Amino acid sequence: MTAILTEGLTKNFGDLCAVEGLDLSVDKEIFGLLGPNGSGKTTTVLMLTTLLAQTKGSASICGHDTRLDPEKVRDCISYVPQDMAVDTNLTGRENMLIFAWLYGIPNPKDKVDELLAVMELSDRADDLAKTYSGGMRRRLELAEALVHEPEVIFLDEPTIGLDVAARRNIWTHIRKMTRKGMTIFMTTHYMDEADQYCDRVGIISRGKIAALGTPSTLKAHLMKDVITVTIEGDYAPVQLDGSMFVGQSDDSISFTVENGREALPLLADALKQSGNRVKAMSLREPSLDDVFLQSVGKQEEPKGFEEFKFHMMLHRRH
Ligand SMILES: Nc1ncnc2c1ncn2[C@@H]1O[C@H](COP(=O)(O)OP(=O)(O)OP(=O)(O)O)[C@@H](O)[C@H]1O
Ligand SMILES: [Mg+2]
């Protein structure tokens with residue numbers, strides 16, 4: 001039975017099509033859904049976790065339809081949302097015990113002890129969660145998600161706002177979960193993480209999948225060297241045979257070229273002739289960032305998005 005299967009999954013909010021015709025099949029792997037702000041990642045996760053009804057199409061989790069059998073779906077999943085999910089006025093252990101009780105776990109104390117140990121929280125288990133660092137809170141949320149031994153775990157930006165060491169630590173724990181045969185469906189903005197830890201990634205742009213595959217196949221599709229150019233001021237577009245513009249982020253612009261060493265001086269000349277003031281140029285192999293940029297291009301965040309998101313966050317925090 002495929003862990004996650006969607007067919008033409010679509011969600012409209014009024015005139016806005018947040019997710020459009022999503023066809024996905026995910027099973028016993030770490031799957032990363034990547035995409036710019038407002039591209040439809042959380043909306044997708046909410047539909048898959050039965051928290052939001054789709055407008056069209058279907059989704060099933062472990063063979064259960066999210067619309068027809070939501071209870072059965074909830075029995076086999078866990079969801080760690082994008083915003084805070086622990087009660088900071090309770091201790092770590094109390095947070096866990098509530099979860100274990102809600103799920104009717106036999107021997108809840110033993111289960112809670114075991115998971116606190118897995119997430120390396122045993123020594124802080126009796127401190128209030130408000131005294132935890134961001135990384136510790138995230139680990140507590142992961143521990144909660146594991147209480148009823150779900151087959152599929154949804155993680156919305158599990159490492160957002162954490163420092164490098166805390167991110168690596170969270171990933172070590174997520175990897176451990178997949179070794180037990182779980183399916184992890186996650187969203188992230190960190191391309192380096194997706195590249196390193198996801199078995200497959202889907203890049204979503206304006207509600208549609210723009211690229212899907214293992215990080216290495218997606219990078220291999222670019223098949224070329226990448227030249228990154230840092231310029232001063234606005235970029236004046238250049239045309240050079242054999243080079244292709246990938247995308248622009250801040251003041252750096254990327255091009256794919258067949259042969260980096262040959263193209264570098266030619267591109268430098270072409271940039272200069274078009275009136276660009278080049279500060280630096282570098283040559284490297286393609287990264288998932290390049291795949292991302294090429295798939296989504298440089299796009300504006302949908303209007304009104306920040307305000308909407310801000311109010312949602314305030315609402316959830318109260
Ligand atoms: N309840 C809602 N009502 C109206 N519009 C919504 C609602 N939820 C989401 N949207 C809109 O749907 C689009 C997709 O939002 P979504 O939260 O899925 O994006 P995201 O990819 O998770 O973004 P981020 O990376 O910022 O978390 C956005 O334009 C958003 O404003
Ligand atoms: Mg989101």
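A residue counts as buried here if 20 or more other C-beta atoms lie within 10 Å of its own, as exposed if 12 or fewer do, and as partly exposed in between, with C-beta atoms placed from the backbone. This is a predicted model, where local features need pLDDT of at least 70, side-chain atom pairs count only at pLDDT 80 or more, and totals for chains, interfaces and linings use all residues. Residues are numbered from 1 along each chain as its sequence is written, while chains are lettered from A and ligands numbered from 1 in the order in which they are written.

**View 1. Helix 1, a mostly covered helix.** Just after helix 1 comes Thr 50, with a positive phi of about 70°. Helices (H or I, at least four residues) and strands (E, at least two) are DSSP runs, numbered from the N terminus.

**View 2. The shell around ligand 1.** Here 15 residues surround the ligand, and the closest are Ala 18, Asn 37, Lys 41, Thr 42 and Thr 43. To be near the ligand, a residue needs its C-beta atom, placed from the backbone, within 6 Å of it. Strand 2 (16–26), helix 1 (41–48) and helix 11 (305–317) are the elements that give two or more residues to this shell. Helix 1 gives the most, with 3 residues. By type, the shell around ligand 1 splits into 6 nonpolar, 8 polar and 1 charged. For that count, Ala, Val, Leu, Ile, Met, Phe, Trp, Tyr, Cys and Pro are nonpolar, Asp, Glu, Lys and Arg are charged, and the others, Gly among them, are polar.

**View 3. Helix 3 against helix 4.** The axes of helix 3 (residues 92–102) and helix 4 (residues 108–118) come within 9 Å and cross at roughly 130°. That makes helix 3 oblique to helix 4; angles under 35 degrees count as roughly parallel, over 145 as roughly antiparallel, 65 to 115 as roughly perpendicular and the rest as oblique. Axes are lines fitted to C-alpha atoms, for helices over the stretch in contact, and angles run from 0 to 180 degrees between N-to-C directions. Helix 3 brings Gly 92, Arg 93, Met 96, Leu 97, Ala 100 and Trp 101 to the contact, and helix 4 brings Pro 108, Lys 111, Val 112, Leu 115 and Leu 116. Those residues divide into 8 nonpolar, 1 polar and 2 charged.

**View 4. Helix 3 against helix 5.** With helix 5 (residues 134–145), helix 3 packs at an angle of about 25°, the axes being 9 Å apart. So helix 3 is roughly parallel to helix 5. Gly 92, Asn 95, Met 96 and Phe 99 of helix 3 meet Leu 140, Ala 143 and Glu 144 of helix 5. The tally for this contact is 4 nonpolar, 2 polar and 1 charged.

**View 5. Ser 254 in strand 13 (residues 252–257).** Ser 254 is buried because 21 other C-beta atoms sit within 10 Å. Its C-alpha atom is 4.4 Å from that of Thr 228, 26 residues apart along the chain. Leaving aside neighbours within four places in sequence, Ser 254 is in contact with Val 226, Thr 228, Val 246, Gly 247, Asp 290 and Leu 293. Contact means C-beta atoms, placed from the backbone, within 7 Å.

Conventions. Contact = placed C-beta atoms within 7 Å.
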